[in-house]
Amino acid sequence: METTSVSKLPFAFFCLALWLGYQLQRVHCTVAYDRKAILINGQRRILFSGSIHYPRSTPDMWEDLIFKAKEGGIDVIETYVFWNIHEPSQGNYNFEGRYDLVRFVKTVQKAGLYAHLRIGPYVCAEWNFGGFPVWLKYVPGISFRTDNEPFKKAMKGFTEKIVGMMKSESLYESQGGPIILSQIENEYGGQSKLFGPAGQKYVNWAAKMAIETGTGVPWVMCKEDDAPDPVINTCNGFYCDYFTPNKPYKPTIWTEAWSGWFTEFGGPIHERPVQDLAFAVGRFIQKGGSFVNYYMYHGGTNFGRTAGGPFITTSYDYDAPLDEYGLIRQPKYGHLKELHKAIKMCERALVSTDPVVTSLGNFQQAHVYSTESGDCAAFLANYDTKSSVRVMFNNMHYNLPPWSISILPDCRNVVFNTAKVGVQTSQMQMLPTNTRMFSWESFDEDISSLDDGSATITTSGLLEQINVTRDSSDYLWYITSVDIGSSESFLHGGKLPTLIVQSTGHAVHVFINGQLSGSAYGTREDRRFRYTGPINLRAGTNKIALLSVAVGLQNVGGHFETWNTGILGPVALRGLDQGKLDLSWQKWTYQVGLKGEAMNLASPNGISSVEWMDSALVLDKNQPLTWHKTYFDTPAGDEPLALDMEGMGKGQIWINGLSIGRYWTAPATGNCNGCSYAGSFRPPKCQVGCGQPTQRWYHVPRSWLKPNHNLLVVFEELGGDPSRISLVKRSVGSVCADVSEYHPNIRNWHIESFGKSEVFHPPKVHLHCSLGQAISSIKFASFGTPLGTCGNYEQGVCHSPASYAILEKKCIGKRRCTVSVSNSNFGHDPCPNVLKRLSVEAVCAPTTSNRRG
Ligand code: GAL
């Protein structure tokens, strides 16, 4: 067959064709996939992705978060799309401010990163009602997430709305935009099995509906083994190296590599050691995975009443590489950045071929990617949770720490080991600001006139809470009365009667004749609970007012939309002369929400609708159901701000009318007995904060503040002293580093090969404080065999006496400093023939010019 060679074409035409081709490629890029990877413009890519949910931060934080992600080696930003914030009532849309999805995706584009849009529209995500609008539950005949016409119609409508918005802004990669991937549904696999054939029909429908939107980029379904072609099924979990897609021509994608875990009020904080996370990613990549998304890369804050649940905290920090406030969490961020760099060095080999796996010992393996064109990358893994192992690979010795992978982008030199953390650890601190709260004023949520007939419903029996409130408020009053005859024995020295309230969730405060008598709570695992307590009744009519509180609607579980909330009974009195009195079926009056909510007390406009009292004059600081207000000026500087709520109980916070979220200072119960990075991670493994309030600090975004006179309103359910509330700023308190000296017999990354000769670089400790800070003192320094971890280092048997002097000389007064870990740097060898380390903790303090802040 005759082919036209390029050389035969006129030169100008050739140039024009090239130029056109280039333009076409630039504007109409393609995203495809094969068994190895996602292909962007025909090129297989290893991609690192990070979840940043746009409504969990403020638009003025987005750029900084996304650029920090880029700097951390992230290629793709993933976000869910949260239906309930965008369509708060049917047909009324909101894409403003924190909900400005287009602006968020364009910020990703501006940073030169790709986007993965997980439309859901079911998202789970510890988000109120899993992302579904509550009105959806009341669409006649609806049944969620199954082969149900009303549901499918609504889901299709929202999906098409979002895809349409993205298309009209040319945000798909196929249009020259950043979106390379989209998700439909979320972890449907388990549900599908429960729903049987209807579930299967729904999955097929969802896939077809998604494909028909014509985005020009691939769709994924996570945790759905039956995802129909061409949808790619993907893995979520702490580890995903066991995972294989359902067809040999689909790439291996990890949509949720859990970087930590969420918290619930009353529970401890879960941390995931970065050594284990890096190990998990290493395992996934070595076996052929090509796309990893960290869930979360920045967790952020569940502002307002967006937290799901029940009982998900307002903080959604997640122990992510960027903390709730958007600050870099070290060593997590830095160690992952190094990991990404090391893996990217192997990219060509990884995407070109399949690994050859060999055994290096009982629990050790080598995965080698070697191509015909001469690329070679190796991953040496040690799955042993206890022991370091010296292995032989390609005729060389390598030392593999427990539960770790070494990465050799040239099959020779180790550039990274998942268990060896070279980057510094930062200890964050909450520092007082010089901000004074102006005087506090209080307003009592007067409950004496609760059933005065205004805005109430009266009926026989107990009503389900969300049916009544439609989630317009967390609060629903259940009010009834009971008549007590004067001859009742408890009135004459007998035992007080007991009130029993059976609730389906989530919390209840019991008021008898206007006085708080007690409270009870469910948990996230079992939202149902029973209140049992003695109550003080008097002869005559007694008013029983039960304030039922929803603490975030269920976001996960089979048909969770049908789960009940509120007091469904029985409600009964025990210990009366007649025995038990069941109150469940008598007349109950309901009031949705608080009076203060109806009067808009939290907003600058509603604030003057009531008479406030100077809090200094309120004698009982523990008065429940009280609104508190004050004003404050914004502190200078740009450190993130938070409210310290330790002196308060449970309630909600607003600043300048914007809702910060729910607070609750209930102490965390659980087991906080230390943690080893080695061995399979599960959330209960590495917990901290037991005995402390689960969440003491509440993020106050700087962009919500004006320079002066910011209105702070707090609604307290239980009682607390508002004068103890203070504004604090978050910054790096100290930085630590812990680096081993070079081991002459083991090949590691301190040796670089230049042709045949090798150059030795001693390992170094790098310390750096934040912008506007400098190292003010060395809290700890030891070159030798120091013990402990950042914050509680101790000298070991071997210690170089020069340790402090060397560190002080190199670091004090500087923002960053570097110190070599070698005998020569410390004068002499403090203990010959012992492998030494340098551990340092340096204190970061504001530089003088910044101190005013
Ligand atoms: C996953 C789910 C996410 C999130 C996560 C836990 O199963 O897909 O949306 O809920 O669990 O944080």
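Is Glu-185 buried or exposed? Glu-185 is buried, at a relative accessible area of 3%. Here, buried means under 20% relative accessible area, exposed means over 50%, and partly exposed lies in between (1.4 Å probe, protein chains only). The model is predicted: local features need pLDDT of at least 70, side-chain atom pairs count only at pLDDT 80 or more, and totals for chains, interfaces and linings use all residues. Residues are numbered from 1 along each chain as its sequence is written, and side-chain values use heavy atoms, with hydrogens and water left out.

Salt bridges come next. Side chains of opposite charge can pair when their charged atoms come close. A salt bridge is a side-chain nitrogen of Lys or Arg within 4 Å of a carboxyl oxygen of Asp or Glu. The whole structure holds 43 salt bridges. One of them pairs Glu-185 with Arg-145, and their closest N and O atoms are 2.8 Å apart. This pair links distant parts of the chain, 40 residues apart. Glu-185 lies in the loop between strand E7 (179–184) and helix H6 (189–195), and Arg-145 lies in the loop between strand E6 (114–120) and helix H5 (149–168). Helices (H or I, at least four residues) and strands (E, at least two) are DSSP runs, numbered from the N terminus. Arg-145 is buried too, with a relative accessible area of 5%. The backbone of Glu-185 also stands out: phi is near 60 degrees, a positive value in a residue other than glycine.

A second salt bridge joins Lys-152 and Asp-147, at 2.6 Å from N to O. Lys-152 is buried, with a relative accessible area of 9%. Asp-147 is partly exposed, at 25% relative accessibility. Elsewhere, salt bridges with shared partners join Asp-147, Glu-149, Lys-152 and Lys-201 into one network.

Helix packing was examined next. Two packed helices are described by the angle between their axes and the distance between the axes. Axes are lines fitted to C-alpha atoms, for helices over the stretch in contact, and angles run from 0 to 180 degrees between N-to-C directions. The axes of helix H2 (residues 59–71) and helix H4 (residues 101–110) come within 9 Å and cross at roughly 30 degrees. H2 is therefore roughly parallel to H4. Angles under 35 degrees count as roughly parallel, over 145 as roughly antiparallel, 65 to 115 as roughly perpendicular and the rest as oblique. The crossing of H2 and H4 is right-handed. A crossing is right-handed if the near helix is turned clockwise from the far one by less than a right angle, and left-handed if anticlockwise. Residues in this contact include Trp-62, Ile-66 and Phe-67 of H2 and Phe-104 and Val-108 of H4. Contact means heavy atoms within 4.5 Å. By class, the contact of H2 with H4 has six nonpolar, one polar and four charged residues. Ala, Val, Leu, Ile, Met, Phe, Trp, Tyr, Cys and Pro count as nonpolar, Asp, Glu, Lys and Arg as charged, and the others, Gly among them, as polar.

H5 packs against helix H7 (residues 197–212), with axes within 11 Å and a crossing of roughly 25 degrees. H5 and H7 are roughly parallel to each other, and their crossing is right-handed. In H5, Phe-151, Lys-152, Met-155, Lys-156 and Thr-159 meet Tyr-202, Trp-205, Ala-206 and Met-209 in H7.

Two single residues deserve a look. Asp-276 sits in helix H8 (residues 274–286) and is buried at 0% relative accessibility. Leaving out residues up to four places away in sequence, Asp-276 touches Tyr-239, Trp-403, Tyr-677, Gly-679 and Phe-681. Cys-736 is in strand E40 and is buried, with a relative accessible area of 0%. The C-alpha atoms of Cys-736 and Val-843 are separated by 8.9 Å, although the residues are 107 apart along the chain.

Most residues other than glycine have a negative phi, and most peptide bonds are trans. The peptide bond from Gly-309 to Pro-310 is cis, with omega near 5 degrees. Another cis peptide bond joins Gly-569 and Pro-570, with omega about 0 degrees.
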